[in-house]
Amino acid sequence: MTSGGTTGEATDRSRGRVLELDVGPARSTRAVAIGAVSGLLVLPASGLLVWLIALPVLRMVRAATTGAGGGVIWLDRIATVLSSDATRAVVWRTFLWAVVAPLVVVAAGYGLAVAARWCGARRGWVRAVLLASSAVPLAVTGVTFRLLVDPDVVLGWLGPGRVTGALGLAFVWAWVGLAYAVFDGVLDESDLPLGPTDTGQGDQDSKDPVDRGTGLGKALVRPMRDERARRTAVVVFTLVAVATVRVFDLILVMVPRPQRADAEILPLTMWEATDTAVAGSEAALAVVWLAGLLAGVTGMAAWARRVRPIRQRVPDERSATSVPEDGSVGSAVPDSWVTPKRAGRIVMPVVGALWVVPVIVLGAVALGMVSSAVSGRWWLSAPDLDAVRSAFAWGILTDSLIGTTVVATVATAGVVALALPAAYALSWLAPPGTQVGGIVLAAAAVVPVHVLADPLSDALVGVGLVGSLAGLLVVHVVLGLPFAVLVLRNALSDLPEEDIRRSRLEAKSTGDTFRKAALKILPALSAVVVLEFVQVWNDLFVGLRFPASGSSVLGPLVHMVARNIGAGTSGMAAATAFVAAVVPVTIVVLARDEIVHGLVRGVRE
Amino acid sequence: MGKLRDARVLVAGAVVLAFVLGLLVRDAIQGPHPDDVVEVLVGDWSDGEVSYLRDVVAHYTDAHVEVRAQEDIETVLADRLEAGNPPDVAIVARPGLVRRYASQGWLEPVDQQVTSRVREAWNQLVTVRSGDGPSRVYGAWVKAAHKSLFWYRPEALHNEAYESWTWTDLADWVEGRAADDAAIGAPLAVAAQSQWPLTDWFENLLAARDPDLYDRLASGETTSWDHPAVHSVLESLADLWATPGALTGGPEAALETRWNDLPNLLRDGRAAVAFGPSFMAGPVEDLPAAGRPTAFGFPGEEGDNPLVVGGDIAVVPEGSDEGERLVEWLTDAEAIQLWSQDPGYLSPSRLSPYGPDGASEDDLRRYLTQPFLDRERPLHFDLSDELGAAQGGVGREMWDIFSQFFEEVTDGGSDRGCAIERVVDRLGALSRGETPPDVECGG
């Protein structure tokens, strides 16, 4: 990799260009040392990912394609599983969730980001409310919407045939804030005159009617002419589509058992399978799910790469002559009464108020203001702290708060400790297989844990970690690793080559260079720390499937108390859920700028 | 200043990392929990049930006891037993699960001092014979549920001889009451949203009409449900549930009714009678004493009331001495007395304060406990908890089948014959470990 002399040149294989590397005085062992160092840096993360993600996936594929006698049956079992009407309905429902929910979330998030600019309120309370809803654990969101729609609490709306609607509302409530924040950040970055400064008035100097128009439709469409906005839409769509797997949390908390069949999606099917080991039919379903997921993500990634800017329309002569010479079209006279500014001023507060309602209901039930002892009746009364006191007096809530803090802190530290060296090696040391590693990481980041639960558990059984705190931590770390490595690798790759070159010249060792590089990507590191911590804090599935002896966590607790909703016993469930949401909401609201900055830029200014 | 901040970040990172490593090393050396803590894993219990057990074990003086509820305990417990990292005690609701774990050599047999506290029929459910060795009991019954009960408002059944009712008498009374315009409230409340009450209806009527068939189906001795008794039970249930005006709020409201809603429906006079288990005594006790609902036994065919029971079994994984000591204490009179603070709690033990020798004057709980100890009463364990024990249990699938059956026979448009045939076919498939067939019954 190096040549003699004080300055050497090496090919940066990961990016296909020549990188000048200062490697100090010529030493014959140096190339070997760098190779060994890069291997050592990548090994812990890659070993864990191979052991607990790649091998379990391969085991699933093998179980799906192997017959009872051990012979290969290829797709026979998958065909058999899919021949059931009920199974096909579940697969179809899972697919619909992955398509429709992201469409709604992207449209709403984008529309709000644009509307916020029209009325200049994007830094206000509406933004905080939307972001806060995204930080609420989904199990808590489930409790909140269950309180809203349960027949025994407030609206009495939940019933047979209405389950999917209630779940959809809860999901959109939880995810629109994230989409809004991302579009907001991208529009801030946009250099189009119609981007950050657009107040819906249009660019009256432009010849393009879309740029010039003041109508609601044109004003809404304008920012999408920027390819970054459209690429962002594709990326957000993909993220939310992958996240629809977590509708599982909502179903478990919100939907009574008899109605679960109406809402069942693949994660629930896998969860309710009675086999404790990797079984053929579940494996076949898992393979169908994984194949669909990977095809969808790959397709969206290819689409995102192909997005190009939309060229401005140059009006032909006829339409040009139809524009009055004073340029009044779309400028002085609005297209209708509903101007973008007016629309923004109406939409933003209304959305903000709507987004607050579930939180108010949760708080009101927790404070005993809304209660119901009899099906179909509810009333308002003076607030009290009885339910909150009961929740804490019980003891498990306090234990779970402590347990979740420990698990989230330690898992986050573990993820950073493993991801940072691996990301550094992948971005600047380019060990063999770097490009393949990137693809595998992206694939691992989207594999749902529900698919892996049984083979992953088998792997942990093999080393005696099932049921221990170490086992729970290992699962959280391995699930958080792919995303963390990707974000940190991207940030490290964005460091100027000159900085790295200088670091290597000045540094006493590879470790010293690594430390300096890590300090330069503190924004990305902070974003990873915050997001990983919140992700672990908000978890439900891992806590349920890989419980740790002697350590309670909040997700399963919220799920347990949610079973008591209705029949006058909702107060404690609401109080527990409210307490469980305080930490992640506070962290995300306080660190919102750091998260966006860390993910978008990642490198210190 | 910037360097100082960087250094702080690094130090903080190093401290957290050291903490991680420390915990992992501690786990590796000490095992999952310290020696002076006894871990008890319970199944899908409500927070109230967990809370009562926590209060009970707070009086255990030999060690600190941690109680944890675990969704899907079958999967998690099997993994932990296999990994050699089990809890000290697990409390499960399915005898079949206990027999399976015992057959795999994962459990300690229970001391005879403990097994002697319940009648033999309970011990039989968790007895396993390993090879040529003697039969051993592998679970200690710590809770029991009486599932053959109707709850009623005393004034609603005034002048009715309900204690000697047969099924026909009950059906006639429901029909008459439903047709009575002057009646306040419907005759019957059904908690269809909870699902398991629907299977309990079926189990009770089957236990009344053909107890031998019940036991053969429960043990897996037969896997065919295509039997006249099964058909006749399903017909009778369909007749009753579909009686116009029989159910509080109609069938749609029944599908939104949970078992713990039933006491309020009785109190408000919206139902005269509700089918529910003994642990309904908990929410019932929260109601005002005046007019508080009470219970009578599920009607039999010829006056013999069936007895369908459920319960929770404490098992001790192999090698856990702490677990054995705790289970011995949990089945002792002191723990049972403490646990009885939970108004929904019943013990099948002879040491129960509600047994013949017990000191309690609570007539209702005495009435509910007495059948558990009566050697003459045949005892049938909840079929949905026993069914498919070899496949890991299929109780939830059975709930789903009966939930769908309830919807079909009460909607007025479905083909009842087809619905019954489908239940029979699907239950048979479940018993044989096959996937229940998809068959649509048209209107």
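Colleague: Where is B:Ala359 found in chain B?

Modeller: This is a predicted model, to start with. B:Ala359 sits in the loop between helix H15 (333–339) and helix H16 (363–373) of chain B.

Colleague: Buried or exposed, that B:Ala359?

Modeller: Exposed. Its relative accessibility is 72%, and the cut-off for exposed is over 50%.

Colleague: And which residues does B:Ala359 touch, not counting those up to four places away in sequence?

Modeller: B:Pro353 and B:Arg366.

Colleague: Zooming out. How many helices and strands in chain B?

Modeller: Chain B has 19 helices and 12 strands.

Colleague: What does the radius of gyration of chain B say about how compact it is?

Modeller: The radius of gyration is 25 Å, close to the 22 Å that the globule rule gives for 443 residues, so chain B is as compact as a globular protein of that length. The C-alpha trace spans about 85 × 60 × 50 Å along its principal axes.

Colleague: What share of chain B is buried?

Modeller: Buried residues are 56% of the 443. On contacts in chain B with a separation of 6 or more, 74% come from residues 24 or more positions apart.

Colleague: Switching to chain A. At what angle do H17 and H20 pack?

Modeller: Helix H17 (residues 396–429) and helix H20 (residues 469–493) of chain A pack at about 40 degrees, with axes 6 Å apart. H17(A) and H20(A) are therefore oblique to each other.

Colleague: Is the crossing of H17(A) and H20(A) left-handed or right-handed?

Modeller: Right-handed. By class, the contact of H17(A) with H20(A) has 21 nonpolar, 5 polar and 1 charged residues.

Notes: Residues numbered from 1 in each chain as written. Chains lettered and ligands numbered in written order. Predicted model: local features only at pLDDT ≥ 70, side-chain atom pairs only at ≥ 80, totals over all residues. Heavy atoms only, no water. Axes fitted to C-alpha atoms, helices over the stretch in contact; angles between N-to-C directions. Helix = DSSP H or I, 4+ residues; strand = E, 2+ residues; numbered from the N terminus. Parallel < 35°, antiparallel > 145°, perpendicular 65-115°, else oblique. Left-handed = near helix turned anticlockwise from the far one by under 90°. Nonpolar A, V, L, I, M, F, W, Y, C, P; charged D, E, K, R; others polar. Buried < 20%, exposed > 50% of the residue type's maximum accessible area, 1.4 Å probe, protein only. Contact = heavy atoms within 4.5 Å. Rg over C-alpha atoms; globule rule 2.2 N^0.38 Å.
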